Amino acid sequence: MRPITVDGNEAVARVAYRLSEVVAIYPITPSSPMAELCDEWAAKGEPNLLGLVPKVVEMQSEGGAAGALHGALQEGVLATTFTASQGLLLMIPDMYKIAGQALPGVIHVAARALATHALSIFGDHQDLYAVRPTGWAILVSDSVQAAQDLAGIAHITALKASLPVLHAMDGFRTSHEVQKIVPLSDRELKALFPFGALEAYRRRALTPEAPVIRGTAQNPDHYFQNREAINPYYLRLPEVVAEVMEHFSQVTGRRYAPYEYFGHQEAERVVVVMGSGSLAVEEAVEHLLKRGERVGMVRVRLYRPFHAEGFLAAFPKTVRKVAVLDRGKEPGAIGEPLFQEVAAAFALRGGEVPLLVGGRYGLSSKEFTPAMALGVYEELKKDRPRHGFTVGIVDDVTGTSLSYPQVDFEDPASVRAVFFALGADGTVSANKNTIKIIGEETPLYAQGYFVYDSKKSGSRTVSHLRFGPNPLDKPYLIQKASFVGIHQWSFLERLPMLEVAEEGAAVLINSPYPREEVWDRLPRPVQEEILRKKLRVYVVNAYELARKVGLPGRINVIMQAAFFKLSGVLPEEEAKARIKKAIEKTYGKRGKTVLEKNFQAVELGFEAVEPLPIPGRITSEKERVPPMVDHPPTFVREVLGPIALGLGDTLPVSAFPPDGTYPTGTARYEKRGIAEFIPTWDPQVCVQCGKCVLVCPHAVIRAKVVPEEALAQAPEGFPHRKAMWKELSGEFTLAISPDDCTGCSLCVEVCPAKDKQNPSRKALNLAPRLEVREAMNRHWDFFLSLPETPRSGLKLHTVKDVQLLEPLFEFPGACAGCGETPYLRLLSQLFGDRLIVANATGCSSIYGGNLPTTPWSKNKEGRGPAWANSLFEDNAEFGLGMRLALDKKAEYARELLRAFQGILGQELLERLLSEEGPEGVEKRRRDVALLRERLKGLDDPKARDLLAVADALIPHSVWIVGGGWLGLRYRLRGPGPRAGQRGQREGVGPGY
C-alpha cells in the first residue's frame, strides 16, 4: 500500500477501530486522540473489518470504561479501550477479573509517568509496571510503524490465546510522533484475523438460552486450585505471540519477534531495553560495531508473560555482562521490574550467569539519546559496573548517574528543522501538515516530534522535523538543526534558541520590526551566536501579514510557506500547490472566503521573506531578559528559572525537594511577554465598574482606591482619577501588567464605557505591547507598591467593590481568554487568606500547579491559598478528607486548651473555645498568636501538641476545584455559625 504519514495514536486507532465492535472510552492524556478518532469515525458511520459500525461509548471514568469493557467481553464481542497513567491503574480491579475469566479484551496504552510527588503527563513505563500482576499479556512498541503493527498483533493474539492483551507505546514520544509508515490494509487484516477463534469466543458469551454463572464467590477449600487451572493458557501464550508475529511477517513482510537481538554475534556486553529507547540503543550499537567493539542489545516486545526460554535464546553465548534499562522506578526494590524479570530468567536457567546490572532512564519523557546508551556500554567495561544507575540526569545526592560522551548521531543527508512557537498559534498543526506533504507526496522519509509545555495554549511549543532519503527512526530531539524557525520575537529576548543551530544554518525570525531595525534590536548574545556560527538569517513580519489577509494571530500558513521557500525541500511552485491542497483538506468546510485568505497567506509567505543584512559586528548592548525578574528568592532564581528557560535537564538531583513541595506565588516572577496587543486604560472614559478586573483570566488588570497623598511619588503619566464611590474617598487607579497579559482582549469586549467624542474608543483599547510596555511596566511596579484598599466597608456582593480586593491567584498558565480562571481569581479575592484547595487533575492542575511557576500566591502577611492535588476521580473525597481533618484538629485543640487555663487566662480561653465564623477570622488569628506567645518555650508535650494544631482554631475554607471545563466546584463548610451543616455543598455551578 501507499505509505501514509500519521502519529502513533492514529496508527493504533486505525487498527483498533477496525478490529472492535464496542469501544468504551474515557479520554486521558496522551491517549485521548485514539478515543477521539474512534468516536469521530463511528459518528461518520465508517465500518470495521466485519462491515459493522462499532459502538463507541464515553464513560464517566477510566474505571467505568474498564467496567464497560468487562461487560462487553462477557457478551462475546470484540472490545477495546485506551488509557494511560493513573487511568490505567483505575482499571486494575476489572483487569484482574477480565484476565481471570480468560476474556480476549485489548487495552491500548500511551504509557505515561504516574503521579507520585507530582503529576506528569509525559511518557515512561511506570503505569505498565503497575499492572504487571493483573494477568494481562503486555506487548510494547518502539516506533509508529511498530505501534500500528503490534496493535493488530495484540487483537489477534487476544482472540487466539483467549486472554486479554495490553499493547503499549511510549506516551508522547511514540503516541504523538508523526512518521511515514506502511499502513495495514483491510486485505492484510482479514488474512491475519482468526475468524475461527472469534466463533469460539462468541459461543462463550453469556446468554439465557444456555445460562452459566461466571464470577462466583469461592471458599478456601477450592479457590487456590481454581486459580491454578488457567495455567495452560499462560504457558501457551508466548508460543501464540510468536506464531502471530511469524504469520504477520508472511502477510506484510515486516518481521517482529517477542525478543529481538541486534549486534555482534559474539557480543560480550549486551543491553536489554523495551519501547522507543531501544531505537536509541540500536544506533549506539551500530556506532560501536563500526569501531570493532563486541556489543549487542535485546529488544523486549513481549513483557508479560515474560518467556524466560525465548528471552535467553536471543542472547549470544559469549555474553559476559548485561545491563537492563528500565523506564520506570520502583522505590525499595532490589531492581526495577524489567531487571527483576531478566535476573530471574538467568537464575532459573542455572549454570554460569553473566554479571547483571540494572538502571533507569527516560522517566517522564526525559531525553534518551544514543550517546547516553554509549555511557551504559562504557559502564559495562568496568570490572564492577554500578547497579541501580541512572543515565540522562546528574544525581549529586546518591551518585547513581553515568557520564556519557557527546556524539552526533544525525544523518548529514537529512534536513533538520526546529521551530520555536507559541501554543495555539497554529505552528504545530502547520508542521504536521508539512510532514504529511513531504512524507506522502515525495519519496523522502519524514519524522516530526512536538515538545509541548504542559501548560495550556500561550506557552512555548518546539517542533522537531526531520526529512531525508534514509529512514528516520530517531526517538530523540534534534541536537544540530540546519533550520531554526523563531515564531515569537519575545523568545529571542529570553531563550537561548540558537544553541540548537549548526554552523551555517538558516534562521527564520518572525519580527515585528522593519528589516533594517532587526539587527540592532537583537540581544547581544543572539548577535554573538549569529556571527560565531555564520548563520544565515531571514525575517518576515508574519503577524502584520496575517492581519493583512484577515487572519489575525494565525501565522502558521505564512511561516510554513516561508520554511518551504528557505529549506528547498520542494521546488517553490510545487510547494505552493502542496500547501494549498493541505489547506483545502483542513479548512475546506469553512467556506471559500477562509480558503482564499489562507491561499493569500501562502503567497505572501513566499514573497515577504527577506534576508537580514548582518554588519559583521556586535551593535547591541542589550542582554537577554532573565527568566525570573523582580528579585526572586534563591530557589526561584536558581531552580525554577532554568526550568522556565527549558534548561531543566541541567539541574542536579540535589536542586529538588524530595517530597515535591514547592513555594506558591512564583508566577509573578516569570514575565512571558507573549501578547502582541494589550489593553491600555483611559481614566477619563472609565466608569470604574470593575468588569474588566472581574473577567480577566490572568489577573493582569488590578484596581485600587488609595489616598491622594499615596500618589505623590507616582511615575510620570501614572493614570488615576477621583474615585466614584459614596463610601470611599481618594483616587481610583487601574494598572495592567504588559508582560503578563496574554492578549485575549476579553477586557476590551466587556468594557461598557465609550468615549462620547469617539464612540469607537472605550475605556480600554488595544495597543502594540512593544510600544507601550516600558511605561506600563513602570506604572505596574508603582501600582503594586500602593497600599491595598481596606477590606472593611466593601460590599463583597458587588463587582464594583470586589475589583478592589487583592487577588491571590495571578498569571496562571491557562489558555488566553480562559473561562475558568476568573472564577478562581474571584475565589482567591473573597477567601484567599484562609483558603485550602482540593484540586482535581485536569486543566486546573495544569494552569494552577504546573512548574516552573504557579499562580496561587500570598499577601504581604504571608497568607494565601494552600493547594494540593490528588487524582481526578477522588476529588470530592480528597477535599472531604481535608475538611474532616481540620475539624478533628480543631476538636483536639479545644480539648487541649482547657489544660492551660491558668497560663492562657479565662478570657482568652473562652474566646478560643467559642465558635467563630469567617467574619471573625482576623480576631481569631490575633487570639491564636497570643496563645502561641503564652505557650512559647513551655516544656510540656501537651503544649507542643497544642501549638502544632493551633492553626485549626482559625476558620479555614476548603474548596473543591474541578479538573476541567465542566468541573463542579463547591465549598465544604467547616466550623462556624453553621457548623451543624459541615460537608454541605455550596454550589457555584460549573466552571465556565
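Residues are numbered from 1 along each chain as its sequence is written. Because the model is predicted, local features need pLDDT of at least 70, side-chain atom pairs count only at pLDDT 80 or more, and totals for chains, interfaces and linings use all residues; side-chain values use heavy atoms, with hydrogens and water left out.

**Aromatic pairs**

Rings of Phe, Tyr and Trp (its six-membered ring) pair if their centres lie within 6.5 Å; planes under 30 degrees apart are stacked, over 60 edge-to-face, and the rest tilted. The count is 28 aromatic pairs.

Select Phe635 and Tyr662. Their pair is tilted, at 5.8 Å centre to centre and 50 degrees between the planes. Phe635 belongs to helix H24 (residues 634–644) and Tyr662 to the loop between H24 and strand S24 (677–681), so the pair ties together parts 27 residues apart in sequence. Helices (H or I, at least four residues) and strands (E, at least two) are DSSP runs, numbered from the N terminus.

Now colour by accessibility. Buried means under 20% relative accessible area, exposed over 50%, partly exposed in between (1.4 Å probe, protein chains only). Phe635 is partly exposed at 27%. Tyr662 is partly exposed at 23%.

Next, select Phe809 and Tyr847. The ring centres are 6.4 Å apart and the planes at 80 degrees, so this pair is edge-to-face. Phe809 sits in the loop between helix H28 (799–802) and helix H29 (821–831), and Tyr847 in helix H30 (residues 843–849), so parts 38 residues apart in sequence are tied together. Both Phe809 and Tyr847 are buried.

Then show Tyr259, Phe306, Phe311, Phe315 and Phe346, which form one aromatic cluster.

**Charges over rings**

A charge sits over a ring if NZ of Lys or CZ of Arg is within 6 Å of the ring centre and within 35 degrees of the ring normal. Go to Arg521: it lies over the face of Tyr513, 3.9 Å from the ring centre. Lys800 has its charged end over the ring of Trp725, 4.0 Å from the centre.

**Two helices**

Select H21 (residues 556–567). Of its 12 residues, 9 are buried, including Met559 and Phe563. Gly568 follows H21, with a positive phi near 70 degrees.

Finish at H27. A kink of about 35 degrees is centred on Ala775; the bend is the angle between axes fitted to the seven residues ending at a residue and the seven starting there. Among the buried residues of H27 are Arg773, Trp780 and Phe783.
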